[in-house]
Amino acid sequence: MNQALIQLKGIVKTFPGVIANDHVDLDINPGEIHAILGENGSGKSTLMSVLAGLYKPDGGKILINGVEQRFRSPRDAIASGIGMVHQHFKLVEPFTVAENITLGEKGNSFFLSNKELKATISELGKKYGLEINLNAKVWQLSVGEKQRVEIVRMLYRGSKVLILDEPTAVLTPQEAGELFDNLRRMASVGCAVVLITHKLNEVEAIADRVTVLRQGKLAGVLERGQINAKEMVNMMVGRAVASKYDRDSSPVGGVVLELDKVNAFNDMGLPCLREMSLSVREGEILGLAGVSGNGQREMAEVIAGLRRVESGKVLLNNGNISNLSPRTIIDLGVAYVPEDRLGMGLVPELNALENLILKNYHQPEYSGRWLLKSKAVERNAETLVQQYQVKISSLRQPVKVLSGGNLQKLLLAREISSSPKLMVVIYPARGLDIGATEAVHKLLLELKTRKTAILLISEDLDEIFKLADRVGVVFDGQLTGDFPVEEADLEEVGLLMTGSRSTRERVKDDEPAHI
Amino acid sequence: MNRLTFKLEKRLAPSPVMVFIIPLISVLLALLLGGIFLVLTGEEPLTIYLLMFEDSLGSKYGLTETMVKAIPLMLTSLGVSLAFKMKLWNIGAEGQFYMGAMAATWLPLTYPSLPVYFMLPGMIMLGMIAGGLWALLTAIPRAIWKVNEIITTLMLNYVAILWVDFLVYGPWRDPDGSNFPITASFSEAARLPGLGDSRIHTGLFFALALAVILAVVFKYSRWGYSINVIGSSERAARYAGMSIKRNILLVMFLSGAISGLAGMAEVSGIIGKLQHGISPGYGYTAIIIAWLSKLNPVAILIVSVLFGALQVGGYAVQVEGVPAAVATMLQGSILFFVLGGEILTNYRVKLFGQKGEELSK
């Protein structure tokens, strides 16, 4: 085998309080797509930032073609042929694509030679199949196109190794597919592509080799033939993870939440819920699938009293709660885990003690007429943090320093501990790693056994099929599908999410034509 | 490349040492900067500073005058700190001060012979209500239409000052006042009693009591908790079922009422009448004080005394031909250095040598 193009040996990088990389080794060969897999906080982004010259390692060596290199800045790394495409694009929106590509280049004359540039880029485009309009302004581009600009920029600077940090996180499935095609083409002409990800299906789909990190350490390397989801999860999490949960199958009770032909407007004053009707029963999880932006957030806000019901009714245990105040609705037993954990669900600047009484600080349990009962507040926080296994160094630290998983646990701890009759959760596992996702899912399933009605709004069909008793589909502010989970078909739900009509209906419609 | 480099590294928690040291260093740096200015104008900085110190804190008379200035500063600072806690930027303490003074003046002018037990409580009530309503004037559009309160509170300052001017130059002018823009002197019943026979008046106790109350409200009370939540994240507060509009109105009203009380205390405790220019900008200095004290009510009391001393010292050096603006300049520089130095409480500086090795520990 050829010598590796890039070798990282024993990389150590520490930040105050954490060791982000602990003696990590990594080999990257020319012409391969190499996935770096790990949970949030496993150190994969740090490792790649070291390689891209953004961070200076505290220990270890970087060898390129066998020669040790020291990068003082990303410029040095780029000069060595290493380019990184960040998750958040570093493009100047009002500038054109061409201007962005040449931005920061030295050696160009003050005025750009447009002809030369275009020739170079169209050549690159031919080679890798990347087409972009050089004269378009960046703000006019779609996310996928912006990403392409970033990639072309790196190639234009002579990158032989392209690092992409969670590139599909911002893409639609179609765009992701296109990206993968492009990456394969790049690898086939000898570039090395490094893909930072925590999505197993991506690794299975595209990687030639995968390096798995866990808690800053190297957990293992798998070659193409050895790559399988189970093995990777074991390496990532350090233990086996259930692919299916045990679900409580006891029968559901009476209707708790009912939406009856609800209409509501979004923030721009446009209709976002149109005659929306649905119901959730005691001890039942209704999984509501849908591409975000189809009225899901607004529906949750309508239920929580944060958005006006224009017409129709929201019923809780047969009582009309439409347009009651948020506090009244909270006190009636509606819990809500919003999409926006930090900023809505939790107050970033306040500590855990304060955040855990956000909704019930006014109850006699935690305050008198004037003063808060600080002992009760503290006891509450201690109990919840322990019971819900929130990893937190101090109850008095602002919660904004916590990881996504711990924030979500803290938020769920508060909402679940209020023993709600109805729980509304949106995208509960978004941005969480496998371990935290599992913990969150188990909390929801446990809540179900306590006879709470749960409305689970999610984009993640895996999540919905794993948790829900009933699957609903929301599109353009309407319920376009509603099936018991046993009868729901993944493909059909996927189609309904994109606004296609039910396939069953279509078959029916087609039949008369044959007669 | 042969050079030293440094980088800033975020601290896990603000450094408690720095929190204490930075204000001290800032004061020193501000004095240094002021010193350069004084040298440039041909003065002897040490002499001037010494004089400022002696005349403000170094004598009984100076101390008294310092406290006289500190009382309105304390009250207005406490007033704005309440609004700031909720991230309501009440820049209008100056106007609320004037309105409080004006409303309080109405009572002794109209009913000069009221007995003291009606007069003083009445003036306090009127002063607070007027200051509060003046602030409420900006709180209502803020609560309903989100009209920026920085602009409205600031603009109403000028309106309030002009109102007072209108009255003292016009309908309320003392006919026996040889045409000065002043009202008739208050009766004895309308004067806040002094401490012993000094000019320090009982308004000091209002400030002390309010500082304690606010400290408790901020730290231990249910209402203080909700103000804190609203100030930190309005969306979270709404989500938690807190009434934001009601709190905007309430907090703004109370914030204005405290500054109104400051105005009442000034006319009743010090001047004994209403006149043109009753405040040398207390309401604006209050913003600096509240900020430097990080909205801590006890710190506000201390910083107010310091700023009172600066003001008195500034007047004192005028005798030497040095502009009193020296004091204002020092105030500004202190704020500048404290805000600039704040980065050191949240970040630590690491030095690197020529080969990238770390030098600092």
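What share of the 515 residues of chain A count as buried? In this predicted model, the figure comes to 40%. The chain is built from 17 helices and 20 strands, and its C-alpha trace extends over about 75 × 70 × 50 Å along the principal axes.

Two packed helices are described by the angle between their axes and the distance between the axes. Helix α4 of chain A covers residues 114-128 and helix α5 of chain A covers residues 143-156; their axes come within 11 Å and cross at roughly 110°. Angles of 65 to 115 degrees count as roughly perpendicular, and α4(A) and α5(A) are therefore described in that way. On the α4(A) side, the meeting residues are A:Thr120, A:Ile121, A:Leu124 and A:Tyr128, while α5(A) brings A:Val152, A:Leu155 and A:Tyr156. By class, this contact holds 6 nonpolar residues, 1 polar residue and no charged ones.

Chain A also meets a partner, with 26 of its residues in contact with 17 residues of chain B. Helix α10 of chain A, residues 326-331, gives the most to the side of chain A that touches chain B, supplying 3 residues. That side of chain A divides into 15 nonpolar, 6 polar and 5 charged residues.

Technical notes:
Residues are numbered from 1 along each chain as its sequence is written. Chains are lettered from A and ligands numbered from 1 in the order in which they are written. This is a predicted model: local features need pLDDT of at least 70, side-chain atom pairs count only at pLDDT 80 or more; totals for chains, interfaces and linings use all residues. Helices (H or I, at least four residues) and strands (E, at least two) are DSSP runs, numbered from the N terminus. A residue is buried if 20 or more other C-beta atoms lie within 10 Å of its own, exposed if 12 or fewer, and partly exposed in between; C-beta atoms are placed from the backbone. Axes are lines fitted to C-alpha atoms, for helices over the stretch in contact, and angles run from 0 to 180 degrees between N-to-C directions. Angles under 35 degrees count as roughly parallel, over 145 as roughly antiparallel, 65 to 115 as roughly perpendicular and the rest as oblique. Two residues are in contact if their C-beta atoms, placed from the backbone, lie within 7 Å. Ala, Val, Leu, Ile, Met, Phe, Trp, Tyr, Cys and Pro count as nonpolar, Asp, Glu, Lys and Arg as charged, and the others, Gly among them, as polar.
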